[in-house]
Amino acid sequence: MQMLVTGGAGFIGSNFVHAVVRDRPGVRVTVLDSLTYAGSRRSLSTINDSIDFVEGDIADADLVDSLVAHADAVVHFAAESHNDNSLADPSPFLQTNIIGTYTLLQAVREHDVRYHHVSTDEVYGDLELNDPTRFTEHTPYNPSSPYSATKAASDMLVRAWVRSFGVRATLSNCSNNYGPYQHIEKFIPRQITNILTGVRPKLYGVGKNVRDWIHVEDHNAAVWRILESGEIGRTYLIGADGELDNLSVVRMILELMDKDPEDFDHVADRAGHDLRYAIDSSALRNELGWQPRYNDFRSGLRATIDWYRENQTWWENIKGAVELRYHVQGA
Ligand code: NAD
Ligand code: DAU
């Protein structure tokens, strides 16, 4: 089987490619990735000989068409993925997340190739802290940021290409991932690498915002399950019942790194900051038999801290630039 994985040099995509190489000997992966600031060949360096890597843009129609023509399946992870960046400059988000997805859809339509679209729970907007309901696949779309609005637009394109053109696609909307190879602009690795470089962690606002954490391996196992057994045209929500507020997470990181749990700074809050995400993944569990394996966030976080400690060469040369960008934002 030939599989095209877009964004395979990013956080979730590289973990997915590692898992396929490790667990699926009959699958040959081609990664298509334009190596933006968020992508790194080094995330794939230990499996370089087992995959094919193409540096290129998902909005390059000729390139995409030539790659899709030889694929049995496409798994689409490539995106501009960071909310803060989308507030500073939405333009690459529209180009990659919307035009890039459109370009892929046209190619899978032309060559009748199975397609899985990786998306986010942020398309549903946010929930109140004390709201007992959680997001389901029937929750109306209500995105808040330029990032989540472009992901919502890309989801709609997929649904339209299924209905209008018979494209064989599935969609998944997942909550916040953590684990190895996550870019250090994101909340958890930013705080871990702050502490490792002698900088106090930075918490937006008072830190009451809740995220529903899932280990990246659990997300990717669910994507594989949907690719194998998901119903065409369906959306599956992926989540591992991991709700925690940001204050608790920052304190846990400090404690696990033998620091005073109060040794962090409150910084400027994010504009339009979503309050709470929470996923009801019962359809995925009941219909496709998926279960998360990383049910203990604390031990998953400890392993993630160890990974960043042991892989400083993966992140140390970009730390200064990432923090400079935050400094300009006052965060
Ligand atoms: P990431 O930013 O770590 O990686 C994105 C990758 O896409 C990078 O390797 C980058 O070089 C590549 N890319 C960007 N623009 C491209 C283009 N025009 N052409 C080709 N490649 C391009 O992102 P991530 O956190 O791994 O997220 C992957 C996917 O999962 C995204 O679609 C995101 O919306 C979705 N998602 C992420 C999370 C999360 O918690 N990180 C949760 C749910 C869904
Ligand atoms: O819910 C899924 C989404 O999760 C994905 O679609 C996005 O691609 C991914 O980036 C993530 O979005 P968030 O905005 O939730 O993640 P981020 O890591 O940027 O922030 C997590 C929370 O931590 C959020 O409430 C903002 C807060 N935060 C973030 C940073 C970078 C801080 O308090 N301090 C920080 O330094």
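Tyr 124 is buried, with a relative accessible area of 3%, where buried means under 20% relative accessible area, exposed over 50% and partly exposed in between, with a 1.4 Å probe and protein chains only. Phe 135 is likewise buried, at 1% relative accessibility. The model is predicted, with local features requiring pLDDT of at least 70 and side-chain atom pairs pLDDT 80 or more, while totals for chains, interfaces and linings use all residues. Residues are numbered from 1 along each chain as its sequence is written, chains are lettered from A and ligands numbered from 1 in the order in which they are written, and side-chain values use heavy atoms, without hydrogens and water.

**Aromatic pairs**

- The structure holds 16 aromatic pairs; rings of Phe, Tyr and Trp (its six-membered ring) pair if their centres lie within 6.5 Å, and planes under 30 degrees apart count as stacked, over 60 as edge-to-face and the rest as tilted.
- Tyr 124 and Phe 135 form a tilted pair, at 5.3 Å centre to centre and 35 degrees between the planes.
- Both Tyr 124 and Phe 135 lie in the loop between strand S5 (114-120) and helix H5 (146-165), eleven residues apart; helices (H or I, at least four residues) and strands (E, at least two) are DSSP runs numbered from the N terminus.
- Trp 307 and Trp 314 form an edge-to-face pair, with 5.3 Å between centres and 75 degrees between the planes.
- Trp 307 is buried at a relative accessible area of 15%, and Trp 314 is buried at 12%.
- Ring pairs join Tyr 124, Phe 135, Tyr 141 and Tyr 277 into a cluster.

**Charges over rings**

- The charged end of Arg 41 sits over the ring of Phe 53, 4.1 Å from its centre; the criterion is NZ of Lys or CZ of Arg within 6 Å of the ring centre and within 35 degrees of the ring normal.
- The charged end of Arg 109 sits over the ring of Phe 165, at 3.5 Å from the ring centre.

**Ligand 1**

- Around ligand 1 there are 28 residues, of which Ile 12, Asp 33, Ser 81, Tyr 147 and Lys 151 are the closest; a residue is near a molecule or strand if one of its heavy atoms lies within 4 Å of it.
- Oxygen atoms of ligand 1 lie 2.9 Å from a polar backbone atom of Gly 10 and 2.6 Å from a polar side-chain atom of Asp 33.
- Taken alone, ligand 1 exposes 850 Å², of which the protein buries 96%; accessible areas come from the Shrake-Rupley method with a 1.4 Å probe, and for residues only the protein chains shown count as cover.
- Helix H1 (11-23), S5 and H5 each give two or more residues to the shell around ligand 1, and S5 supplies the largest share, three residues.
- This shell divides into twelve nonpolar, 13 polar and three charged residues; Ala, Val, Leu, Ile, Met, Phe, Trp, Tyr, Cys and Pro count as nonpolar, Asp, Glu, Lys and Arg as charged, and the others, Gly among them, as polar.

**Ligand 2**

- Of the 25 residues around ligand 2, Thr 120, Asp 121, Tyr 147, Arg 270 and His 273 come nearest.
- An oxygen atom of ligand 2 is 2.6 Å from an N or O atom in the side chain of Tyr 147, and a polar side-chain atom of Asn 83 lies 2.9 Å from an oxygen atom of the ligand.
- Ligand 2 exposes 690 Å² when taken alone, and the protein buries 94% of that.
- The shell around ligand 2 comprises seven nonpolar, ten polar and eight charged residues.

Conventions
A polar contact is a pair of N or O atoms within 3.5 Å; within protein, one must be able to donate a hydrogen and the other to accept it, and residues adjacent in sequence count only if both atoms are side-chain atoms.
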